[in-house]
Amino acid sequence: MNKPITNEIFDAVKNLNFSGDESPNIDSGERGISVVAGGYLLLKSLGSIPKHPILGLLGTAAAGLLLYRGATGVCPVYKQLGKDTTDPEAINITETIIVNAPRSAVYDFWRDFSNLPKFMGHLKSVQTINDNESHWEANTPGNIISLSWNAEITREEEGSYIGWQSLPGSMIDNAGKVEFKDTLSGTGTEILVEINYFPPAGSVGRGLATLFNGVFEDMIQEDIQNFKSYAEQADFKRFAGLAL
């Protein structure tokens, strides 16, 4: 009764694509768990072979798969499913807001990135290095870790568009763009903001992604919306040359 089931399981294991030159598709945390679980299962399965040979062999085969994925970082099952846990999900936020201020003033304010922490709570500071580069520092939930990176402006259309991205080698990849349009009445500005954060690959990156997703993501969305109220305050009105 058990032989057909046993044969099917062993055939399934044999059909998995084991290759020594594949790129890892599981992160270091999952690899460690696989090694520990595989070692435990192997010892237990070898000990059960005398009394329960079929279960012992099946357990040994499963232990071998766990040890293989732990040692190489490659999971044949994940490969067949197209799953990769070394690539953490990014945060992608897009918001549209309308402020009662002329487009030229709104553009000039955003173009100086050092102004962003005035209404964005997730940013500790942004310092201008030169006309195209700047240094960013972020506030993370609970200030558990310190994040900073340098960014450069990648595209600019005066009065209507600003695009930027972090420089290679940054602790975290960040990119964003802001589009500015006159409202239909011509007295205000419609702002389309898109901000992306890409944690680095690996277990550290997945830890950052877990930290960011949820609380940090909500912070960024709220920060963008905060500009609507900030644009009504005296600080911005002075910058824009509007009557108080």
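Start by selecting Val106, Trp110, Trp136, Trp149, Ile191, Phe227 and Phe236: of the 38 residues in the largest nonpolar core, these touch the most other members. H5 gives this core the most, with five residues. A nonpolar core here is a set of buried Ala, Val, Leu, Ile, Met, Phe, Trp, Tyr and Cys residues joined through side-chain atoms within 4.5 Å, and buried means under 20% relative accessible area (1.4 Å probe, protein chains only).

Before you click on, note that this is a predicted model: local features need pLDDT of at least 70, side-chain atom pairs count only at pLDDT 80 or more, and totals for chains, interfaces and linings use all residues. Residues are numbered from 1 along each chain as its sequence is written, and side-chain values use heavy atoms, with hydrogens and water left out.

Now zoom out. The chain has seven helices and seven strands; these are DSSP runs (helices H or I, at least four residues; strands E, at least two), numbered from the N terminus. Of its 244 residues, 39% count as buried.

Leaving aside residues up to four places away in sequence, Phe227 touches Ile97, Val99, Val106, Phe109, Trp110, Phe119, Ile191 and Phe236, where contact means heavy atoms within 4.5 Å.

Next, select Trp110, Leu116, Met120, His122, Leu123, Trp136, Trp164, Asn174, Ile195 and Tyr197, which line the largest cavity. That cavity holds about 40 Å³ of space. On a 1 Å grid over the protein atoms alone, a cavity is a set of points where a 1.4 Å probe fits but cannot get out, and lining residues have an atom within 4 Å of a point. Grid points are joined across faces, edges and corners, and the volume is the space filled by probe spheres set on the points.

Stay on His122, in the loop between helix H5 (103-111) and strand E2 (123-128). His122 is buried, with a relative accessible area of 1%. Its side chain makes polar contacts with the side chains of Tyr197 (2.9 Å) and Asp223 (2.7 Å). A polar contact is a pair of N or O atoms within 3.5 Å; within protein, one must be able to donate a hydrogen and the other to accept it, and residues adjacent in sequence count only if both atoms are side-chain atoms.

Last stop: Asn196, in strand E7 (residues 189-198). Asn196 is buried too, at 9% relative accessibility. Show Asn92 as well: the C-alpha atoms of Asn196 and Asn92 are separated by 4.6 Å, though the two residues are 104 apart along the chain. The side chain of Asn196 also makes a polar contact with the side chain of Glu194 (3.4 Å).

Methods:
On a 1 Å grid over the protein atoms alone, a cavity is a set of points where a 1.4 Å probe fits but cannot get out, and a pocket is an open set with protein on both sides within 12 Å along at least five of seven lines; lining residues have an atom within 4 Å of a point. Buried means under 20% relative accessible area, exposed over 50%, partly exposed in between (1.4 Å probe, protein chains only).
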